[in-house]
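Hi there,

Here is the structure I promised to pass on.

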Amino acid sequence: MKFLITGHTSGIGKAIFDKFGGIGLSRETLFDISKHDIKPYVKQCDIFINNAYSDKHPWAQTNLVYEAKEIKQIVIGSNTTDQTKHEPDPYQSAKFALENSCNQLFYQGYDVTLIKLGWVDTQRVKEVACKKIDVDYVVSLIEWILKQPYKIKEITVVPYNN
């Protein structure tokens with residue numbers, strides 16, 4: 001299996017890339033998920049790990065779901081969409097759109113799995129004082145998903161006592 005991973009140089013994406021290798025796309029490789037075409041890379045791979053999120057272009061990750069719909073996708077989302085009673089913000093809205101796009105494609109027969117994560121122990125959220133999910137656990141979860149004989153629509157993972 002050959003992987004395509006966005007956001008592969010830090011956090012969750014780096015852990016996934018370190019385990020599976022493949023083609024990595026990120027700002028560090030001068031790839032902007034909101035400006036560049038991902039389709040040529042998709043054609044070279046079997047599995048797309050849709051991980052990168054752009055604060056400047058919050059809808060870019062959602063657009064990638066459609067651009068890579070022809071191959072198996074594992075999309076890194078957020079459990080923030082389960083907390084819709086909290087103060088709304090652009091991140092939450094973008095992740096909600098991402099979730100709905102994954103649902104739409106899944107029910108149209110595409111192989112899309114959404115992983116909705118709580119806080120993950122990465123540099124991006126180091127200042128958040130709460131229990132966090134270890135990035136290695138996220139990698140093992142992806143391995144588990146890939147071994148399943150059935151399509152998995154969605155998984156939510158949050159630390160205990162949050």
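**Q73 and its surroundings**

Leaving aside neighbours within four places in sequence, Q73 is in contact with F48, N50, L64, V65, A68, D111, V112 and T113, where contact means heavy atoms within 4.5 Å.

Before going on, a word on the model: it is predicted, so local features need pLDDT of at least 70 and side-chain atom pairs count only at pLDDT 80 or more, while totals for chains, interfaces and linings use all residues. Residues are numbered from 1 along each chain as its sequence is written, and side-chain values use heavy atoms, with hydrogens and water left out.

Q73 sits in strand β4 (residues 72-78); strands (E, at least two residues) and helices (H or I, at least four) are DSSP runs numbered from the N terminus. Q73 is buried, with a relative accessible area of 0%; buried means under 20%, exposed over 50% and partly exposed in between, using a 1.4 Å probe and protein chains only. A polar atom of the Q73 side chain lies 2.8 Å from the backbone oxygen of V65, and the side chain of Q73 also reaches the backbone oxygen of A68 at 3.4 Å.

**Helices α3 and α4**

The axes of α3 (residues 60-67) and α4 (residues 90-107) come within 8 Å and cross at roughly 10 degrees. That makes α3 roughly parallel to α4 (angles under 35 degrees count as roughly parallel, over 145 as roughly antiparallel, 65 to 115 as roughly perpendicular and the rest as oblique). The axes are lines fitted to C-alpha atoms, for helices over the stretch in contact, with angles running from 0 to 180 degrees between N-to-C directions. On the α3 side, Q61, T62, V65 and Y66 meet A94, K95, A97, L98, S101, C102, Q104 and L105 in α4.

**The nonpolar cores**

The largest nonpolar core has 23 residues, and I12, I49, I115, L117 and I142 have the most contacts inside it. Such a core is a set of buried Ala, Val, Leu, Ile, Met, Phe, Trp, Tyr and Cys residues joined through side-chain atoms within 4.5 Å. Helix α5 gives the largest share of this core, seven residues. A second, separate core of 14 residues includes L4, L25, F31 and I38.

As for I142, its contacts are I16, F20, I49, I74, I76 and I115, not counting residues up to four places away in sequence.

L30 is found in the loop between β2 (23-25) and α2 (39-42), and is exposed, with a relative accessible area of 73%. The phi of L30 is near 65 degrees, a positive value in a residue other than glycine.

Best wishes

Definitions and conventions
A polar contact is a pair of N or O atoms within 3.5 Å; within protein, one must be able to donate a hydrogen and the other to accept it, and residues adjacent in sequence count only if both atoms are side-chain atoms.
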